[in-house]
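This report is meant for someone meeting the structure for the first time.

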Amino acid sequence: MNADAPLTVQRIAIFPLPGAVLFPGLHLPLHIFEPRYSAMVQEVLARDRQIGMIQPRQLPGEEHREPPALYDIGCVGRIIDVEALDEGRFNLVLEGVARFRVRRELDVTTPFRQVEAEIEIEAEDDAVLSSIERASLEREAKRFAARQGYVVDWDSVGQLDDATLVNGIAQVAPFDAAAKQALLEATPIDARAELVVQMMQFFGRFDGDDGRATLQ
């Protein structure tokens with residue numbers, strides 16, 4: 001977490017989902033079907049519409065630990081769209097609000113886990129890159145997209161603010177879960193941008209599932 005960013009402490013319901021990393025300002029669609037997370041959705045809709053997305057973490061010697069350990073850093077998402085389905089299921093869209101650090105897990109009676117978290121309240125929208133950093137990021141993104149065979153509207157990309165561009169690449173690029181977690185933890189935004197460039201250079205050297213690189 002950014003030591004200079006203002007923080008607020010609050011209780012949040014968490015959704016520990018392997019491989020699902022949400023970044024501030026980005027959207028994440030979710031299909032909720034487990035009863036414990038259906039209960040979570042119903043509660044947060046009546047409370048603050050916020051869910052803490054965080055990855056479970058496998059520690060050496062604790063591979064079968066239940067509940068699993070958590071990474072320290074996640075991202076609070078606000079439910080901006082919800083569709084109630086049969087059998088208590090939901091389709092949701094979360095919008096990333098801010099990163100958070102887990103202070104401690106709470107002893108709760110709910111079927112879903114809750115934590116006391118320090119939440120950054122400084123908007124990443126205010127963060128900017130130098131012209132050289134922005135040009136380097138866009139140049140590497142074009143190379144990476146070409147190697148992966150992606151079709152991208154680069155005119156629209158050029159209109160994005162720096163934080164949205166950096167976080168957008170970090171969330172949608174086909175990096176593995178460990179890489180995305182490292183990107184979420186990187187701060188400030190110029191450090192995250194530099195790491196995004198390094199990730200694109202690293203992962204871009206491997207094509208196809210059989211040759212996919214991993215940081216796990």
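The buried residues of helix H4 pack against strand E2, helix H2, helix H3 (154–157), helix H5 and helix H6, in what is a predicted model. H4 is mostly covered, with 9 of its 11 residues buried, and these are Asp162, Ala163, Leu165, Val166, Asn167, Gly168, Ile169, Ala170 and Gln171. At the start of this helix, a side-chain oxygen of Asp161 comes to within 3.1 Å of the backbone nitrogen of Ala163.

Because its relative accessibility is 0%, Ala170 counts as buried. Leaving aside residues up to four places away in sequence, Ala170 touches Phe23, Phe175, Lys180, Leu183 and Val196. Ala170 and Ala193 are separated by 23 residues in sequence, while their C-alpha atoms lie 8.8 Å apart in space.

Helix H2 (residues 131–148) packs with H4 at an angle of about 35°, and the two axes are 12 Å apart. The crossing of these two helices is left-handed. On the H2 side, the residues that meet H4 are Arg134, Leu137, Glu138 and Ala141, and on the H4 side they are Asp162, Leu165, Val166 and Ile169.

Helix H5 (residues 177–185) has 7 of its 9 residues buried, and it is therefore largely enclosed by the rest of the structure. The buried residues of H5 are Ala177, Ala178, Ala179, Lys180, Gln181, Leu183 and Leu184, and they pack against strand E6 (73–84), strand E7 (90–105), helix H4 (162–172) and helix H6 (189–203). At the start of H5, a side-chain oxygen of Asp176 reaches to within 3.2 Å of the backbone nitrogen of Ala178.

These helices belong to a protein chain that has 6 helices and 8 strands, and whose elements follow the pattern β-β-α-β-β-β-β-β-β-α-α-α-α-α when read along the sequence. Of the 216 residues in the chain, 43% are buried. Among contacts in the chain with a separation of 6 or more, 69% are between residues 24 or more positions apart.

| E2 and E7 | antiparallel | 6 bridges | Pro29 with Val93 |

Is Arg99 buried or exposed? Arg99, which is placed in strand E7, counts as buried because its relative accessibility is 0%. The side chain of Arg99 is joined to that of Glu120 by a polar contact of 2.8 Å, and the side chain of Arg99 also reaches the backbone oxygen of Glu185 at 3.3 Å.

The nonpolar interior remains to be described. In soluble globular proteins, nonpolar side chains tend to be buried together. Here the largest nonpolar core has 47 residues, and those with the most contacts inside it are Ile51, Met53, Leu137, Phe175 and Met200. Helix H6 gives the most to this core, with 8 residues. A second, separate core of 11 residues includes Ile14, Leu70, Ala98 and Val102.

As for Ile51, if residues up to four places away in sequence are not counted, it touches Ala13, Phe15, Met40, Val44, Cys75, Val76, Gly77, Ile79, Leu92 and Leu94.

Methods
Residues numbered from 1 in each chain as written. Predicted model: local features only at pLDDT ≥ 70, side-chain atom pairs only at ≥ 80, totals over all residues. Heavy atoms only, no water. Buried < 20%, exposed > 50% of the residue type's maximum accessible area, 1.4 Å probe, protein only. Helix = DSSP H or I, 4+ residues; strand = E, 2+ residues; numbered from the N terminus. Contact = heavy atoms within 4.5 Å. Polar contact = N/O pair within 3.5 Å; in protein donor to acceptor, adjacent residues only side chain to side chain. Core = buried A, V, L, I, M, F, W, Y, C linked by side-chain atoms within 4.5 Å. Pairing = 2+ DSSP bridges. Axes fitted to C-alpha atoms, helices over the stretch in contact; angles between N-to-C directions. Left-handed = near helix turned anticlockwise from the far one by under 90°.
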